[in-house]
Amino acid sequence: MTKVLILGANGQIAKLAEAQLLKDTDATLTLFLRKAKRLTVQDAARETVVEGDATDAAAIAKAAQGVDIVYANLGNRGIEAQAQAVVAGLNQAGVKRLIWISTLGIYDEVPGAYGKWNHQMLDGGYLETYAAAAKVIEASDLDYTIIRPAWLSNKDLVSYELTEKGEAFKGTEVSRKSIADLIVKLIQEPTQHVRASLGVNQPNTDGAKPSFY
């Protein structure tokens with residue numbers, strides 16, 4: 001039985017992943033978030049809620065005791081500090097496997113007009129802070145997978161393709177359900193995509209270029 005710690009457990013993608021993990025696996029979940037009362041537990045036998053701050057390495061280390069894999073669904077302008085706390089906390093707890101959600105564009109990997117538009121939309125320090133956080137994760141000795149989603153939609157759809165770090169990003173959007181599905185697959189097969197940074201987008205099946213290219 002896999003033990004999973006989810007940091008930022010009240011996020012939209014996190015809640016989709018939690019529901020899928022409860023449905024498709026026998027994993028037990030520790031749900032870590034700042035305000036525990038915001039979250040409704042679906043299965044008390046398999047879910048434990050922990051209230052804490054993701055910039056508190058000691059709190060993360062305590063929550064990570066005995067877990068097999070950590071999925072971090074964090075984000076805001078404090079993301080670099082959160083990354084530092086996660087690395088320190090997992091090192092203290094002796095946990096190696098981490099799934100880290102980032103964003104597209106942190107390596108300037110989005111080509112064409114869409115890349116320019118994306119950079120303009122995320123200007124003002126957002127991309128820089130997410131890029132800095134990714135560097136913290138990549139400089140660690142953790143067995144990480146960084147996930148860089150395209151612009152997120154709420155489509156009831158699971159359809160995605162992956163690009164590696166160093167490859168041009170392909171598409172313009174992806175559903176939150178698709179990202180949740182990828183997270184669950186990585187939890188089910190934790191040896192896949194270790195120390196990798198994955199761009200994730202919805203495949204273009206009609207042969208036309210996305211409108212931003």
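The legends below accompany close-up views of a predicted model. Local features are reported where pLDDT is at least 70, side-chain atom pairs where pLDDT is 80 or more, and totals for chains, interfaces and linings use all residues. Residues are numbered from 1 along each chain as its sequence is written, and side-chain values use heavy atoms, with hydrogens and water left out.

View 1. The largest pocket holds about 720 Å³ of space, a volume being the space filled by probe spheres set on grid points that are joined across faces, edges and corners. A pocket is here an open set of points on a 1 Å grid over the protein atoms alone, where a 1.4 Å probe fits and protein lies on both sides within 12 Å along at least five of seven lines, and its lining residues have an atom within 4 Å of a point. Of the 31 lining residues, Gly11, Asn73, Leu74, Gly75 and Tyr130 lie nearest the centre. Two or more lining residues come from each of α1 (12-24), β2 (28-33), α5 (126-139) and β7 (151-153), the elements being DSSP runs numbered from the N terminus, with helices (H or I) of at least four residues and strands (E) of at least two. The lining comprises 15 nonpolar, 12 polar and four charged residues, where Ala, Val, Leu, Ile, Met, Phe, Trp, Tyr, Cys and Pro count as nonpolar, Asp, Glu, Lys and Arg as charged, and the others, Gly among them, as polar.

View 2. The structure holds one aromatic pair, and because the ring centres of Tyr126 and Tyr130 are 4.6 Å apart with planes at 25 degrees, the pair is stacked. Rings of Phe, Tyr and Trp (its six-membered ring) pair if their centres lie within 6.5 Å, and planes under 30 degrees apart count as stacked, over 60 as edge-to-face and the rest as tilted. Tyr126 is partly exposed at 27% relative accessibility, whereas Tyr130 is buried at 7%; buried means under 20% relative accessible area, exposed over 50%, and partly exposed in between (1.4 Å probe, protein chains only).

**View 3. Ser102 in the loop between β5 (97-101) and α4 (112-121).** Ser102 is buried, with a relative accessible area of 7%. Leaving out residues up to four places away in sequence, Ser102 touches Tyr130, Ile146, Ile147, Arg148 and Pro149, contact meaning heavy atoms within 4.5 Å.

**View 4. Helix α6 (residues 176-188) and Ile187.** Helix α6 is mostly covered, with 10 of its 13 residues buried, and these include Ile179, Leu182, Ile183 and Leu186. Ile187, which lies in this helix, is itself buried at a relative accessible area of 5%. Beyond its neighbours within four places in sequence, Ile187 is in contact with Thr2, Val4, Leu21, Ile69 and Ile99. Ile187 and Tyr71 are 116 residues apart in sequence, yet 8.6 Å apart in space from C-alpha to C-alpha.

**View 5. The loop between α6 and β10 (196-201), with His193.** His193 has a phi near 55 degrees, a positive value in a residue other than glycine, and Arg195, also not a glycine, has a positive phi of about 55 degrees. Most residues other than glycine have a negative phi. His193 is partly exposed, with a relative accessible area of 27%, and Arg195, in the loop between α6 and β10, is likewise partly exposed at 39%.
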